[in-house]
Amino acid sequence: MNLLRSKNKIIIFALVLLISLVSVFFFGGKDGEDIATWAATLLDSISELRLREFALMCNDMGLPTNYSAFSNIICAIWLLPVYLIGIIFHVNVSLFVYCTYLKIGIVIVNFIAVHFLYKSISRYNKDIREETVYLLWFSFNLVQQYSIGNGQIDIIGICLMLIALNCYFEGRYRAFSLIAGACLCFKVFPIILIAMVIAMLVADKGIKAVRYLIYILILPILQLVIEKVVFIDYDIAQYVGFEYSNSNFIDRLFEHDINISVSPIILVSVILFVLVYLLYKYSLINELDVLAVSALTYCLFFIMVRSHCQWYMYLLPLILIIGLYKGVTVEYMLLCLGFNVTEIVYNSVSTDSVDKSLYGYFVDNTGYFDYNVPLSKVAHAPEYVASIFFAFMFLFVIYYFVVRIRTAKNIVAKRVTPKAASQVLLYVVYATTLLSEIIIVLIY
């Protein structure tokens, strides 16, 4: 039995490595090129003793600094070996080499993230196998195309989010707070989950938990100081925002452009903090419920604002934790398959990311979409497919609550889903992404 499992682990990790290498070497995107260029330019600014002028150097290339200082510093450190090889051997390192090396690092961070994802799931389900979680995570087109293929570094913040979550589960609250603060240095989105976890801490420890909020603020404040003091004209806020006001529910609601750094996501987090504090204090919800509410909130927020597909990466770990805590079921794997297929179809019929809110699709009849257009209108296929894609995110959370209610009431399922069927579906989810990537490579 142990020998058989060892062989299965080798096969699974070989499959994971195979599909990841396809994404690294055969796919690319502007995001990865921009991130690699920022990192290489930061190294140039240091070698030329022009560190303060880093942002100005980027602007001269038409590349605004709309990533945080820590994001660029981490990427620069990762690219440093390749950069030094170029200097030592007087070789002009191409952007392709930088991007490829960057994406190898992204694959490694994905592996680290899945390890901590597994630790969170195994807290509730000791029978779950780590290799199963690896195969499922790397089977999502969302991971392969947007994280690895496009060279997006959101996975760094997601990895830190999962590490922080594990620190909370293990009772290491100071470590949780500091790592959560580091997480916020990459993107503001994790603040929703962090606010809910802090609410549980306050419910458990009272006013003493305020110190953890102070710990969370240390690194974001340090980063802000670095951006304002060390660099000239390093202003993320002027470049990052939900600029498509004609299709953005949040912008319409507030009647002006809402920047991501001061967006209603902060207000949402405050409201959820109070709500979770009250519900958790009186034992009306548990930790898993909080993760489910976090997942639902992310989904709603991304639907109502101009969003990019890679932002759903922040949602993915949560729906895997709340979905796999009872094991790998046929019902859950069918949800994963549906989500994966609709995303692949959406990517194949759409020329860009989700640049309109779902709300904007159906009310903005002055734009390029009219809900009265028949389904046969091919030009509007992306909008219809996107609607299905979004709908699957709701289903993941609904599935969790259905399972929880059924378990709480001790309702026994009428049939037992065969374990073999769920394992087959696991490989089918993997096959959908691998085949789609192979087809794209062959066509283009």
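Visitor: Among contacts between residues at least 6 apart in sequence, what percentage join residues at least 24 apart?

Guide: The figure is 77%, where a contact means heavy atoms within 4.5 Å. This is a predicted model, in which local features need pLDDT of at least 70 and side-chain atom pairs count only at pLDDT 80 or more, while totals for chains, interfaces and linings use all residues. Residues are numbered from 1 along each chain as its sequence is written, and side-chain values use heavy atoms, with hydrogens and water left out.

The protein has 19 helices and 0 strands; these are DSSP runs numbered from the N terminus, helices being H or I of at least four residues and strands E of at least two. Of its 444 residues, 54% are buried, that is, under 20% relative accessible area with a 1.4 Å probe and protein chains only, against over 50% for exposed and in between for partly exposed.

The largest nonpolar core holds 142 residues. Such a core is a set of buried Ala, Val, Leu, Ile, Met, Phe, Trp, Tyr and Cys residues joined through side-chain atoms within 4.5 Å. Trp137 and Phe176 have the most contacts inside this core. Helix 8 (residues 154-169) gives the most to it, 13 residues. Leaving aside residues up to four places away in sequence, Trp137 touches several residues, including Asn110, Val114, Ile155, Met313 and Pro317.

Phe176 also lines the largest cavity, together with Met161, Ala164, Leu165, Ala180, Leu193, Ile194 and Val197. The elements that give two or more residues to this lining are helix 8, helix 9 (173-184) and helix 10 (191-205). A cavity here is a set of points on a 1 Å grid over the protein atoms alone where a 1.4 Å probe fits but cannot get out, and lining residues have an atom within 4 Å of a point. The volume of the largest cavity is about 50 Å³, counted as the space filled by probe spheres set on the points, which are joined across faces, edges and corners. Its lining has 8 nonpolar, no polar and no charged residues; Ala, Val, Leu, Ile, Met, Phe, Trp, Tyr, Cys and Pro count as nonpolar, Asp, Glu, Lys and Arg as charged, and the others, Gly among them, as polar.

The structure holds 2 cavities of 30 Å³ or more.

Note on methods: 1 Å grid on protein atoms, 1.4 Å probe; cavity = no way out; pocket = protein on both sides within 12 Å on 5 of 7 lines; lining within 4 Å.
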